[in-house]
Amino acid sequence: MYSVWAPLAENVELVLQPAQTSTGAEQRIPMTREADNWFLAEVPANPGDRYGFSVDGSPVFPDPRSKRQPDGIHGLSEVWRIDKPRKQLGRPLRGEVLYELHIGTFTPEGTFDAAIEKLDELKAVGVTAIELMPVQPFGGERNWGYDGVMWHAVTDVYGGPDGLLRLIDAAHNRDLAVVLDVVYNHFGPDGNYTGVFGPYTAGGSTGWGDVVNLQGRDSDEVRTYILEAVHQWTQEFGVDGLRLDAVHALDDTGAVSLIEQIRDAAEPAWIMAESDQNDPVYTENYKVAQWNDDIHHAIHTVVSGEDHAYYSDFGTVEVLATTFQRVFWHDGRYSSFRGRTHGRPVTDPELWRFVTYTTTHDQTGNRAAGDRPSMNLSVNQQLAKATLVLTSPFTPMLFMGEEWGASTPFAFFVDHENEELNQATREGRMREFARAGWDPKEVPNPAAEETFRNSVLKWAERTEHPHAEVLRAYTELLEFRRTHRLAEAELLDIRWWADGEEPVSESLAGVNPTVPPVDAADELAHGRWIELTYQAPESLVKVTVNLADAPHDRLGLGPWEARYSAQ
C-alpha cells in the first residue's frame, strides 16, 4: 500500500509504473485523505515498482520517504525492501578506533563494493570502525554528502541500499563496526521536494539550507520522519553508530530533545554529535559522544604554526596542555574569533565520549585548497600529532589516508544539476575563504570534475617512501593503544614547557590537583615540549613529544620526535 503525508494538499494522485506489467504503462490513482493528513492508495507496493506523487495537479515528485532513487533525486522512487534485518555488533564506543571515509573518493571506483576490498588493510592498521560520510541521495554524480535529500534512501552513485548492506555485512564479518554520518539540520538545495507535501522546514536559514521544522505546527511528523530513518539505519541495516551533523543548527528548544529521541531509537548504537557550542550537555546530560575540535585546533596550531581564523586563540603549549586536561579550551573563555565568551566547562569528564583527531573531512576540506596536514608537515610532525591523539583516553578518529600521509588533497566538491547552484556554491566558498584570510585564487572550482578526481586516494603510494614509514608508525601506535588499553586510561600528570613563557599558567593551576606545575628549575624545563602520564589498567604510560624544530638533548628527542612507553 502507498502512503504519503501531505497536510498542505487538497488532492494527491499516486503515479505508478508497475515493474511487472508488459507495457510499463503509467497509472494515475487518486489517493484517499485520512484524518491524520496522510493520503493512502489501496494498491500493493511491489518491489521494483516505480512511483511518485502529484499534489493538487503538480508535476510528479518522488516520495520524501523513498528507499531508493535509481534515476537520481529528480526521478521516480522505487519500492525497495530489505531482505532481512541486520544486527548491530552491540559493543560500546569506548575502545573503538574510528576511520572517517568518503565512499566516492576512498577508492578509484568510488563504490561500496570497492570499499569492501580495502577493509582488511584498515583492520591490519588497527582500525575497529569505519565512519561513512553521508550516503543519502544528492544532485549529480559527486558530492560530500551534506547536500542530501530523501533521508531514508541511499544514493545509487555508490551502489544503492543493496551496496550499503553488502559493505555492512563485509565489515561485520571482519568485526569492524559501521558508523553512518547523517544530516538532520537541513536539506540539500537540489531535489528537496518536501515543501510540496508538508512543513518539513520552518523558514530561516542554517547557512546551508532552511531550518528543519522541529518546533512548529506539524513538527511531530517531521520528528517521526527523522526517527524512522534512525530506526531504519540502526535496527534494520544494523549500523553500529550515527554521527549527527552540526546539532547546533537544530531548532530544538523543546522539553524533549531530538538528540534524546535519536539516542533511544538507535539503542544500543552509538550517537556522536558534532557541535560548535563546546557544551558538555551532550556527553553529561544526553550521554552521547561528541566531536572535539578544540583538541584538534590545539594540536594543529602548535605543530603547523597556523593561527588565523578560528585557530587564533590556539598555538601555545599551554593551550594544548589545558585541552588535554579540561577537554575544551573555550569552556567559558573569550573567543577572539567569535568576539564573545564561548563554551562551558566539562564537569564529568568521561574522556572516551569525546572523539578526537588530527584532521577530519572538515579540517582538511574546508581549507582553501583542501590540502592535508601530510602535504605541509614532515613525517615527524605528522607522527607527533598522531602520538598525542592515539595514546590519549579520548576516542580517536583517523581521516582516510591519514595513516600513510596521503599526498592527495581532499577538496570541497559538488555536482549540482542546476548550474546556478554550482556558481552560487563557488562564489560562496570564495567569500568564506576571503573572510578567513585565505587567497580566493587558491580555491578550486567545487563543480569541476578535476577537483573531485584530485581528491581520490592513491592506494599504491602506501608502500612508497615516506608513506610506508608513516603507515608503520600508525600501526605501531594503534597496537600500543590496544595492548595497553589506553581507552581505559586516566590522565595523571601533564608537564609542559614553552620557550619564553612562564612554565605554569593560571588556566592550569588548581584545576586538577594531580597535575603539578612545572618547576622552572627542573633540568628538563627548557625547549618546547609536552609530557603526559596516564594510568592504564595494568601499566603506567608516559608520552613525551618534542614540539620544536630543534632537537632536545636532555629529553633525547629529535625535532618533532615523540616517544611513548609503558611500565
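User: How many bridges join S4 to strand S5, and which way do the two run?

Analyst: Some ground rules before that. This is a predicted model, where local features need pLDDT of at least 70, side-chain atom pairs count only at pLDDT 80 or more, and totals for chains, interfaces and linings use all residues. Residues are numbered from 1 along each chain as its sequence is written, and side-chain values use heavy atoms, with hydrogens and water left out. Helices (H or I, at least four residues) and strands (E, at least two) are DSSP runs, numbered from the N terminus. In general, strands of a sheet pair through backbone hydrogen bonds, either parallel or antiparallel. Two strands pair here if DSSP finds at least two bridges between them. For S4 and S5 (residues 38–41) there are 2 bridges, and the strands run antiparallel. Across that pairing, Arg33 stands opposite Phe39 in S5.

User: What is the strand order of the open sheet that includes S4, and which strands stand at its edges?

Analyst: The order is S1-S5-S4, with antiparallel pairing. Strand S1 (2–5) and strand S4 (32–33) are the edges; each has a single partner strand, so one side of each is left without a neighbour in the sheet. While you're there, look at the loop between S4 and S5, where Asn37 is found. Asn37 has a positive phi of about 70 degrees although it is not a glycine.

User: What is the order of the open sheet of 4 strands?

Analyst: That one reads S21-S22-S23-S24, again with antiparallel pairing. Its edge strands, S21 (490–497) and S24 (562–566), each pair on one side only. On average, neighbouring strands are turned by 10 degrees against each other, direction ignored. S21 and strand S22 (residues 529–535) share 7 bridges and run antiparallel, with Glu490 standing opposite Gln535 in S22.

User: Which helices pack against that sheet, and at what angles?

Analyst: For the geometry, axes are lines fitted to C-alpha atoms, for helices over the stretch in contact, and angles run from 0 to 180 degrees between N-to-C directions. Contact means heavy atoms within 4.5 Å. Helix H10 (residues 317–326) lies across S21 and S22, running at about 175 degrees to S21. Helix H15 (residues 467–483) touches strand S23 (540–546) and S24, and its direction makes about 30 degrees with that of S24.

User: How do H9 and H10 pack?

Analyst: Helix H9 (residues 293–304) meets H10 at an angle of about 150 degrees, with the axes 9 Å apart. That makes the two roughly antiparallel (under 35 degrees counts as roughly parallel, over 145 as roughly antiparallel, 65 to 115 as roughly perpendicular and the rest as oblique). A crossing is left-handed if the near helix is turned anticlockwise from the far one by less than a right angle, and right-handed if clockwise; H9 and H10 cross left-handed. Residues in the contact include Ile295 and Val302 from H9 and Leu320 and Phe324 from H10.

User: And H6 with H7: is the crossing left-handed or right-handed?

Analyst: Right-handed. The axes of helix H6 (residues 219–236) and helix H7 (residues 258–266) come within 9 Å and cross at roughly 30 degrees, and the helices are therefore roughly parallel to each other. Among the contact residues are Ile226 and Val230 of H6, and Leu258 and Ile262 of H7.
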